[in-house]
Amino acid sequence: MQTLYALETMEQSNIKPGTATRLLNEKLDQTCQIFTYLLYSVVQVAQYAEIDAQSRASKHLPSAEDLSVNTKIAGNEFIYQIKNDKGFQVNLEQWKMRQLVDTDLTRKLYNQLVATDVYKAYIAEQGRSKAGEKEILEYIYKEILAKSELFLQHMEDTFLHWSDDEEMMTILISNYFNKPQLFNFLQLISKEKLDYAKELMLTVIDKKEYCLELIKPKLQNWDPERIAAVDMLLMEMGVCEFLYFPTIPTKVTINEYIDLAKAYSTPQSGQFINGILDNILKDLEKEELVQKQDRPKK
């Protein structure tokens, strides 16, 4: 949707063969950058325990408290798994992410963490459990980073598309800690999903005029030129899924585009798109143009 919207707003003279695919790949790269940097930020906050311990121990007259800073979290097994992942390291180097870190912000986030009861309980527990190691890092992301106005502002300043991906990142981060072995940092989006995204995008571009022929008669008193551009794109995408993507159930299509309309368009867009797509679907089904089939089993 975002790529198609970008194409809509571009000068036609700037759109060359391959422009759409290039823009989509750039967007997916940006999403991967954000995901990598968020995990790197979790690592930085956790490992700041070692910096804190060294700094306090090197004071001219360190106190007993200065000499007994607990660095258990720096040895968290998930931290080692992230840092030793070759794909993660490639992304850090390729996108120069080490240069993006705000050390002062990391220190503030770490100090916020160590003041919590959750952290105190974590370092007080003898030994390590996989569940405990996972939970403390999830806590850093969900309760420290994701709720810090300073960190959120840092993300907004650093990544142009942060606001678009913020909600999805919570899901991706949680999925990572549940099954880190399944993640490939060099291909965050599976080939199946990537192929689907490209096929849908190119189909909407190719079938645009036909989709508009189906949509415009359903607009009744609405002027197509005054309808939100996002709404028109979402309806075009929905119609394409009805007609050209046989393994996607029509109900799933309508529900997905209602949700996208609510998130990215006007407050009334969800209901509006629901009504238009439902009317178009009824006509297409009468003409037996919608042919759905079960998704093939692997």
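Modeller: Two residues are in contact here when they have heavy atoms within 4.5 Å; please keep in mind that this is a predicted model.

Colleague: Which residues does Ile140 touch, not counting residues up to four places away in sequence?

Modeller: Ile140 is among the residues with the most contacts inside the largest nonpolar core, a group that also includes Phe35 and Phe177. Leaving aside residues up to four places away in sequence, the residues that Ile140 touches are Val42, Val45, Ala46, Ile73, Leu113 and Leu145.

Colleague: Which helix gives the most residues to that core?

Modeller: The largest nonpolar core has 48 residues, and the elements that give two or more residues to this core include helix H7 (130-145), helix H9 (162-178) and helix H2 (19-57). The element that gives the most, with 14 residues, is H2.

Colleague: How many residues are in the other core that lies apart from it?

Modeller: Met232, Leu233, Leu277 and Val290 are among the residues of this other core, which lies apart from the largest one. Its number of residues is 38.

Colleague: Why do the buried residues of H13 line one face of the helix?

Modeller: In H13 (residues 250-264), the buried residues are Thr250, Thr253, Ile254, Tyr257, Ile258 and Ala261, while Lys251, Lys262 and Ala263 are exposed on the other side. The buried residues pack against helix H10 (191-206), helix H12 (229-244) and helix H14 (269-286). They line one face because, seen down the axis of H13, they fall within an arc of 130°.

Conventions
Residues are numbered from 1 along each chain as its sequence is written. This is a predicted model: local features need pLDDT of at least 70, side-chain atom pairs count only at pLDDT 80 or more; totals for chains, interfaces and linings use all residues. Side-chain values use heavy atoms; hydrogens and water are left out. Helices (H or I, at least four residues) and strands (E, at least two) are DSSP runs, numbered from the N terminus. The expected span of a helix is 1.5 Å times one less than its number of residues. Buried means under 20% relative accessible area, exposed over 50%, partly exposed in between (1.4 Å probe, protein chains only). The arc is that of the directions from the helix axis to the C-beta atoms. A nonpolar core is a set of buried Ala, Val, Leu, Ile, Met, Phe, Trp, Tyr and Cys residues joined through side-chain atoms within 4.5 Å.
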